[in-house]
Amino acid sequence: MRASWAVVPAFCVSISAAGARAASVSAAPGDDLQAKVDALSPGDELVLASGVHRSRRISVTKRGKPDLWITIKGSNEGKTTIESSEWHLFFLRDCRFVRFASLEIIGARGAPQYDAFKFAGRCEDVVIEDCSIHDIGGAAISCSGVERVERLIVRGCRIWRTGGHGEGMYLGRQDGSGVVVNSVFERNWIHHTGGDQGDGIEINAGSVGNAVRDNVIHDTKFPCIFVENVEAGPPNIVERNVCWGAKDNVVQINGNAVVRNNIFLGPGKAVLRLGPEGKPRPGPGSTVKAFNNLLWSGGGEPAVSFAGDLDVIFANNIVDGGVTGKPKGLLTHNYWRLDILGDNAVPGPPKYDAAMKAFYPLSDSFADKGWRGDPDVPWDDFDGNVRIGMPDVGPYERAGTAHAGWKISPGLKPTAAARRREGPGAASQAPGSSEGRD
Ligand SMILES: [Ca+2]
Ligand SMILES: [Ca+2]
């Protein structure tokens, strides 16, 4: 039975496993959200009722505990929208163990440049999930003014029509003086970013040890994924993403990263750029490993562009398009459509239906033609399936003549577990997708 908000107790107290009092508090449209957030203690959750809340900046400086997270979320009884009228809706400073979920965030008409989630100081263990962020005056997630952010997870979010500099996510300071590390950005759908730059996900200098995986990113201005970091440290892992369409390079990786099992498609300046534009400045940990990617430009335009001074290990990739620049490093077991660099693992044209974004090979010509000479060569494929025998060349491990995995389309990429539950071809559920405002 669905209870109306009038009869739901506004304050329910329960005793957590740790023995602390944890409360669930609700907020109705018109309530003072800052006051509600200020009153939260470790373990508490604030549930915003469905409807449109209008708010100025909400400062979040709360610290939960490992077993007592603080949660701020929308009601599951309908869409909860927060319309922001001021710079930076959620301003997170020095917070820990805080989770945001199931919120739609939009900018008020005529609001100035602002970000939906703006981080400052030192934040750890923050989760933002299943949110829909669009028509805002700045970035959706901005860490441009932080000292250090660690273990940030952004998952299952749809982000579109950003403004200002326009990044979907801007992670770390440009000059490396503030970093985002050991964080995960997964299963997001980022598209039609706006503003004057509009990168999809941008990881800046000194930000290392992050995972960017299973995202669907398309129709951006600057690259869909831009890893600017060239510094040493645990590499940034970019895997199982599908990206298409940028007014710049579709994906640009400047250094110290493992890029594997991705499907990157034109149009764009180059589909994958390895190394900085302009004068290369490789740092001490700059090697880029690119394994089992599909790079498709659709013609003679560059599918891959090498900066030259950057060390690469480039194997098991399908390069369906042109090549610019001269690589430095090891290139082996790749398929080259036009210009052959090193060996060519597979003769003849690839057999897949590019017009339908269906790149599962229609023949077994790529099967077992790959290389396993590096520990970062993937053991799974784009769909999350285990690779059998030698890795196949490209993002898919062929198992049978028909593709049983997710069909590439705008929307959230479903998890392998969800696909198994729902069967092949199951439509992905995207937050905010019911609006049809693409
Ligand atoms: Ca940018
Ligand atoms: Ca195989």
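Of the 438 residues of the chain, 53% count as buried, a residue being buried if 20 or more other C-beta atoms lie within 10 Å of its own, exposed if 12 or fewer, and partly exposed in between, with C-beta atoms placed from the backbone. The model is a predicted one, in which local features need pLDDT of at least 70 and side-chain atom pairs count only at pLDDT 80 or more, whereas totals for chains, interfaces and linings use all residues. Residues are numbered from 1 along each chain as its sequence is written, and chains are lettered from A and ligands numbered from 1 in the order in which they are written.

The chain holds two helices and 36 strands, where helices (H or I, at least four residues) and strands (E, at least two) are DSSP runs numbered from the N terminus. Among contacts with a separation of 6 or more, 65% are made by residues 24 or more positions apart; two residues are in contact if their C-beta atoms, placed from the backbone, lie within 7 Å.

Several loops carry backbone features of note. In the loop between β27 (263–265) and β28 (272–274), which contains Pro267, a cis peptide bond joins Gly266 and Pro267, with omega about 5 degrees. Arg187, in the loop between β17 (184–186) and β18 (189–191), has a positive phi near 55 degrees although this residue is not a glycine; Arg187 is buried, with 23 other C-beta atoms within 10 Å. Arg240, likewise not a glycine, has a positive phi of about 60 degrees and is placed in the loop between β23 (236–239) and β24 (242–246), where Arg240 is buried, with 25 other C-beta atoms within 10 Å.

The pLDDT, which is the predictor's confidence in each residue from 0 to 100, averages 89 over the chain, and 89% of the residues score at least 70. Over residues 1–19 the pLDDT is below 50, and this stretch has 22 contacts in the model beyond near neighbours in sequence. Residues 424–438 also have a pLDDT below 50, with 23 contacts beyond near neighbours in sequence. Where pLDDT is low, the predicted coordinates should not be read in detail.
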